[in-house]
Amino acid sequence: MSDNESRKRDSERRTRVHLSFFDRIKFLLLFSITYLVLVWALLSENPIYSIQDAAIKVANDKSWVFWLAAIEIIRQTHFLISEFISPYHRLWQWYFKSVDRVVHIFSDWTRYRISRVVKWLIWIAITSVILGAIYKLPPAQALFMAPQALWSALPMLAQLLFAVVFILIQFVAMFWFLSRGGIDTYFPDDINTRFSDVWGQDHVVERIRENLLFLEDPESIERHGGYVPGGILLWGPPGTGKTLMAEAMAGETGKPFIFVDPGAFNNMFFGVGVLKVKSLFRKLRKLALRYGGVVVFFDEADALGNRGIVTTGQRMNSEMSSVNCHGGNYLSESAINLLTREKFVMGSAAGGGGAGMGTLQALLTELSGLKKPRGFFNRIVRRTLGMRPKNPPKYRILVVMATNMPEALDEALLRPGRIDRMYRVGYPSKNGRVRTYQGYLDKVSHLLEQSDIEKLAIMTPYSTGATIKDMINEALIIAIRDGRTAITWADVLRAKQRKELGPSEDVEYIERERHAIAVHEACHAVVAHRVRQHMTIDLATIEKGSDYLGMVASIPPDDQFTRWKSEYQSDILVSLASLAGERMFFEDDNSSGVSGDLESATTIASLMEGHWGMGSTISSHASNRRFEVGAPGGGKGPDQNDRELRRALSDRIEDNLNQLLQKAEELLKKNRKEVLALAHALETYKTLPGDDVAAVINCEAGTLADGRPYADASFMKEIEAYHKACVSAHREHRAPEIPLPVYKAW
């Protein structure tokens, strides 16, 4: 064989592989040693025997040694002929192929049960032969002496085994009980969930249907040389329907569904998790043979699929919400996510996150490890005749895992062959939200029109199936509390506000503080209404919540996946509007409530200037720090370079924020009347929906608030006078001299 020539496969060989000399004589050598030992034993018992007489007597009394040697000689002759005569070898190959065709008439499960019966029969036959030799009886008759033999030997066996069993049984029982539980089995008739019950994730469901098609008809891809994908990872935010999808898979296929508890493999003893994994897959293989397939679902797979080292972070603390303004609720969702990510404090590696040493490795081995051949005839008889055992049956096991932290999973688990397909189960699109709202509203009585449902879907851009279900249920509770059984639009709005903001606290502001909070939020709302086109105002409120005094919340009108410089600049303008407005309306004074707004604006401006290419420079601040690029002059240490880089970046950010602050001041000066009008409406109604905010700014009729009175110049003079009285009261820490104006036509 040349250096570049590969070793031939068994199917490509014309003759059998040659045995080594030791493999050819090892059993004959064993029988020869056995014969000599028997002769030596006879000589030691009867010294009167000569060696020749002892050899003849052993040969007569123990002839089975020669029979076994003869069988081994025949076997080695069979091997020798197969190694040199190719027609003889092909004949045996053809014979076993024909046997395989006959045997495969039965299913894998039937052949497995038959093999178990054959094993028991073989052991019974061996036992009967041994008893026949002991009692000098025929084997069939001696088999009935087994109970008597067992009974007579029982005291001795009990004494020998009692100590060992008593000690081992404690550990065996403990590990057996610890390896139970955490795994629930649902048979096809137990599962009523179908894909029609999964709403808002049609694109993922269609891809999963493809996997199930191969699970039900694996030959459709295997006959063309492919293989059936056996692993699916569903990842995405909590509540998006990952568990529901896995349950629907089992319901659609009519296969058993195994649910694995995420904490099932967390144990205090080393090795218990490994036992659980092996026990689980032993059960899966049996179910797969019996039902033609099985679906196993690992929920919260990150509890099992990581090596116990996870980088953890600390979420934004409540300080970002500040005291006066609810953090960044007036920002777009993507801006809030960026702020949250930047606020994370990356901690050190935290051990103990995994399911225990060896458990993950056992799972990886079971998912793609070698499976040993099954069956006594397959493993013993075929090897005895020099034939390779048949491959184990193909177990149709679909492994489904779900997690909201895919980055915590070990890479070895995610490789093809273990997890073949990964689907992101994200937030539903607008059409998906409409379908989800319709599905849950169909289960209750409601008075909502189709246009109301579509509007509701627009108002809740990042809702999941779980949050939608919860909000509809909350709306039903509100309706029942009010003595009604049908949900109205007002019930849905109240439920939305309660779920997003939490219940408002029953407190009353003093007049000057109420006015200051109203002006603060009105500045946010007016600037957002004027400059931000990619977001619409959802609501504005000055009712005190658990961690805010007032807020303006915005929502995107469409599902958008890219962000632009102009959009981030408008976000910063909305953030800086509170500082510019308080300084303008309160004679260059401002509250500590703008701290959260300044933090939001600074973070976004920093990312724009140093990372996104939306500033005055092109280079990335992160790359400059990584490669220790400093200011011109060279020869400086890394620390000094880093300080200069940060100083230069800070100067650019400050310049950008100053320019945007001036622009916010100009906008508020042009819209001074609109700010005071909206502040008055907030003081009057406490909470306004987005449509009413726009109605007040545009002096139009709204659903709750009528903005037309604010077009009356005389009424606006009263509001202006009230504002001046509040400013004076604020400066002197007293109550305003003028009460809140009320339009006479109201």
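Which residue forms a salt bridge with Arg209? The partner is Glu206, and the closest N and O atoms of the two are 3.8 Å apart. Welcome to this predicted model, in which local features need pLDDT of at least 70, side-chain atom pairs count only at pLDDT 80 or more, and totals for chains, interfaces and linings use all residues. Residues are numbered from 1 along each chain as its sequence is written, and side-chain values use heavy atoms, with hydrogens and water left out.

**Salt bridges**

- A search of the whole structure turns up 21 salt bridges, each being a side-chain nitrogen of Lys or Arg within 4 Å of a carboxyl oxygen of Asp or Glu.
- Back to the opening pair: Glu206 and Arg209 are separated by about one helical turn, because they sit three residues apart in helix H8 (residues 202-216). Helices here are DSSP runs of H or I with at least four residues, strands are runs of E with at least two, and both are numbered from the N terminus.
- Arg209 counts as partly exposed at 38% relative accessibility. The scale runs from buried (under 20% relative accessible area) through partly exposed (in between) to exposed (over 50%), with a 1.4 Å probe and protein chains only.
- Lys455 and Asp691 form another salt bridge, with their closest N and O atoms 3.1 Å apart. Lys455 lies in helix H17 (residues 450-459) and Asp691 in helix H26, so this pair ties together parts that are 236 residues apart in sequence.
- Asp482 pairs with Arg494 in a salt bridge whose closest N and O atoms are 3.1 Å apart. Asp482 is in the loop between helix H18 (465-481) and H19, while Arg494 is in helix H19, so the pair ties together parts that are 12 residues apart in sequence.
- Asp482 is partly exposed, with a relative accessible area of 41%, and Arg494 is partly exposed at 37%. Salt bridges that share partners join Asp482, Arg484, Asp491 and Arg494 into one network.

**Surface patches**

- Arg113, Arg116, Arg282, Lys286 and Arg290 make up a positive surface patch. Helix H5 (108-135) and helix H11 (272-291) are the elements that give two or more residues to this patch, and H11 supplies the largest share, three residues.
- Patches are made of residues with over 30% relative accessible area and no salt bridge; like charges are joined within 9 Å, and nonpolar side chains (Val, Leu, Ile, Met, Phe, Trp, Tyr) within 5 Å. Lys and Arg count as positive and Asp and Glu as negative, whereas His and the chain ends are not counted. A charge is placed at NZ of Lys, CZ of Arg, CG of Asp or CD of Glu.
- Lys286 belongs to helix H11 and is partly exposed, with a relative accessible area of 35%.
- A nonpolar surface patch is formed by Val117, Trp120, Leu121, Ile124, Leu143 and Phe144, which together have about 670 Å² of accessible area. Accessible areas come from the Shrake-Rupley method with a 1.4 Å probe, and for residues only the protein chains shown count as cover. Val117 is located in helix H5.

**Buried residues and their contacts**

- Glu683, in helix H25, is buried at 2% relative accessibility. The Glu683 side chain makes a polar contact with the side chain of Arg514 (2.8 Å), and a polar contact of 3.0 Å joins it to the side chain of Tyr722.
- A polar contact is a pair of N or O atoms within 3.5 Å; within protein, one must be able to donate a hydrogen and the other to accept it, and residues adjacent in sequence count only if both atoms are side-chain atoms.
- Thr403 is in strand E7 (residues 397-403) and is buried, with a relative accessible area of 1%. The Thr403 side chain reaches the backbone nitrogen of Met405 at 3.0 Å.
- Val492, in helix H19, is buried with a relative accessible area of 1%. The C-alpha atoms of Val492 and Leu476 are separated by 8.4 Å, and these residues are 16 residues apart along the chain.

**Positive phi angles**

- Lys686 has a positive phi near 70 degrees, although this residue is other than glycine. Lys686 sits in the loop between helix H25 (672-685) and strand E11 (687-689), and is partly exposed at 26%.
- Cys699, also not a glycine, has a positive phi of about 55 degrees. Cys699 is in the loop between helix H26 (690-697) and helix H27 (713-732), and is buried with a relative accessible area of 19%.
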